[in-house]
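Subject: Structure handover

Hello,

Here is the structure for you to look over. My notes on it follow below.

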Amino acid sequence: MWIYLLVFTLAVLVDVLYVIWVSAIGAKRAYLAAFAGTGISAGGVVNVINVVDNHLLVLPYLLGAFVGVVLGCKIKVEVK
């Protein structure tokens with residue numbers, strides 16, 4: 001059961017990092033964008049490995065992706 005929570009949490013984190021990445025690109029902050037992009041890749045790899053192993057994990061992944069985008073937009077990440 002813990003794997004479902006892990007996949008959900010990583011999906012939320014990846015999408016919040018994606019919002020940070022987009023903001024960093026817009027602000028021309030290369031190192032921040034690079035670190036955010038690395039976090040996106042790392043979280044994505046872990047989720048892909050888990051979803052390939054158990055297809056039911058697509059549901060918490062999609063729910064986490066939705067929550068992550070909403071959360072990322074709500075906290076209004078502004079990179080200066």
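Asn50 sits in helix α2, which spans residues 30–53. Bear in mind that this is a predicted model. Is Asn50 buried or exposed? Asn50 counts as buried, because its relative accessibility is 15% and the cut-off for buried is under 20%. Which residues does Asn50 touch, leaving aside those up to four places away in sequence? They are Ile3, Leu6, Val7 and Leu57.

Next, the packing of α1 on α3. Helix α1 covers residues 2–26, and helix α3 covers residues 58–74. Their axes come within 7 Å. They cross at roughly 35°, and the crossing is right-handed. From α1, the contact takes in Tyr4, Val7, Phe8, Ala11, Val12, Asp15, Val16 and Val19. From α3, it takes in Pro60, Tyr61, Leu63, Gly64, Ala65, Phe66, Val67, Gly68, Val69, Leu71 and Gly72. By class, the residues of this contact are 15 nonpolar, three polar and one charged. Val7 belongs to the α1 side of this contact and also touches Asn50.

Last, the loop between α1 and α2. Lys28 lies there. What is the phi of Lys28? The value is near 60°, which is positive, and the residue is not glycine. Most residues other than glycine have a negative phi. Lys28 is also exposed, because its relative accessible area is 75% and the cut-off for exposed is over 50%. Asn50, by contrast, is buried at 15%.

Best wishes

Technical notes
Residues are numbered from 1 along each chain as its sequence is written. This is a predicted model: local features need pLDDT of at least 70, side-chain atom pairs count only at pLDDT 80 or more; totals for chains, interfaces and linings use all residues. Side-chain values use heavy atoms; hydrogens and water are left out. Helices (H or I, at least four residues) and strands (E, at least two) are DSSP runs, numbered from the N terminus. Buried means under 20% relative accessible area, exposed over 50%, partly exposed in between (1.4 Å probe, protein chains only). Contact means heavy atoms within 4.5 Å. Axes are lines fitted to C-alpha atoms, for helices over the stretch in contact, and angles run from 0 to 180 degrees between N-to-C directions. A crossing is left-handed if the near helix is turned anticlockwise from the far one by less than a right angle, and right-handed if clockwise. Ala, Val, Leu, Ile, Met, Phe, Trp, Tyr, Cys and Pro count as nonpolar, Asp, Glu, Lys and Arg as charged, and the others, Gly among them, as polar.
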